[in-house]
Amino acid sequence: LDILLMDLPPGTGDIAISVAQLLPAADILVVTTPQQAAAEVAERAGAIALQTRQRVAGVIENMSWLETEDGQRIEVFGSGGGQRVADSLSKSVGAEVPLLGQVPLDPRLRENGDNGTPIVLANPDAPAAQVLRTAAEKLSVRARGLAGMMLNVTPAGR
């Protein structure tokens, strides 16, 4: 297993702690929105890494802005949350935690996801697709902490 992405509920609840105990050598990718309240929750979630000895691979800011047809950016949820989280976590962990990307609002992202085709394949030139591809490229050059490890997990339904 090279990469396992798990979309967990926001915050520091039992699920996040259980996953951290199950995969103690895993890296955490923190996702937030630009809102201050969301950024605070994301910082707390990222801080779990200190307690569980996990590394924070980076921060992704989702729903960063909405681009209108005339090219204007509307920051529906404010701005700066992703960078605030990255800066705060960098101080907490004592190492740089990069802001890997800011993903703009794009209905195609949801539509393609619902259809089972990632936006990076269906609309590779879309701004959201470009940001996601760049973030994936940044993550792909990191050392893979789980590479070659056997995981004590069983697929659901078996």
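Reader: Where is alanine 122 found?
Author: Alanine 122 is found in helix H5, residues 119-122. A helix here is a DSSP run of H or I with at least four residues, a strand is a run of E with at least two, and numbering starts at the N terminus. The model is predicted: local features need pLDDT of at least 70, side-chain atom pairs count only at pLDDT 80 or more, and totals for chains, interfaces and linings use all residues. Residues are numbered from 1 along each chain as its sequence is written, and side-chain values use heavy atoms, with hydrogens and water left out.

Reader: Why does alanine 122 count as partly exposed?
Author: The relative accessibility of alanine 122 is 35%. Buried means under 20% relative accessible area, exposed means over 50%, and partly exposed lies in between (1.4 Å probe, protein chains only). Alanine 122 therefore counts as partly exposed.

Reader: Which residues does alanine 122 touch, not counting those up to four places away in sequence?
Author: Alanine 122 touches Asn112 and Thr117, where contact means heavy atoms within 4.5 Å. The C-alpha atom of alanine 122 is also 8.8 Å from that of arginine 108, and the two residues are 14 apart in sequence.

Reader: What makes glycine 13 partly exposed?
Author: Glycine 13 has 37% relative accessibility, so it counts as partly exposed. This glycine is in the segment before helix H1 (14-22). Glycine 13 and alanine 45 are 32 residues apart along the chain, with 8.7 Å between their C-alpha atoms.

Reader: What is the phi of methionine 63?
Author: Phi of methionine 63 is near 55°, a positive value in a residue other than glycine. Most residues other than glycine have a negative phi. Methionine 63 is in the loop between E2 and strand E3 (66-67). With a relative accessibility of 27%, methionine 63 counts as partly exposed.

Reader: How do you know that E2 is mostly covered?
Author: In E2, 6 of the 7 residues are buried. For the protein, 29% of the 158 residues count as buried.

Reader: Which side chains of strand E1 are buried?
Author: In E1 (residues 27-32) the side chains alternate: Ile28, Val30 and Thr32 point to one face and are buried.

Reader: What is the order of the 3 strands in the open sheet?
Author: The order is E1-E2-E5, with parallel pairing. E1 and strand E5 (99-102) are the edge strands, since each pairs on one side only. The twist from one strand to the next averages 20°. H2 packs on this sheet and touches E1 and E2, its direction making about 175° with that of E1. H3 packs on the sheet too, touching E1, E2 and E5, and its direction makes about 165° with that of E2.

Reader: At what angle do helix H2 and helix H3 pack?
Author: H2 (residues 36-52) and H3 (residues 81-93) pack at about 30°, with their axes 9 Å apart. H2 is therefore roughly parallel to H3. Axes are lines fitted to C-alpha atoms, for helices over the stretch in contact, and angles run from 0 to 180 degrees between N-to-C directions. Angles under 35 degrees count as roughly parallel, over 145 as roughly antiparallel, 65 to 115 as roughly perpendicular and the rest as oblique.

Reader: Which residues in H2 meet H3?
Author: Gln36, Ala39, Ala42, Glu43, Gly46, Ala47 and Leu50 do, and their counterparts in H3 are Gly81, Arg84, Val85, Ser88, Leu89, Ser92 and Val93.

How values were computed: Pairing = 2+ DSSP bridges.
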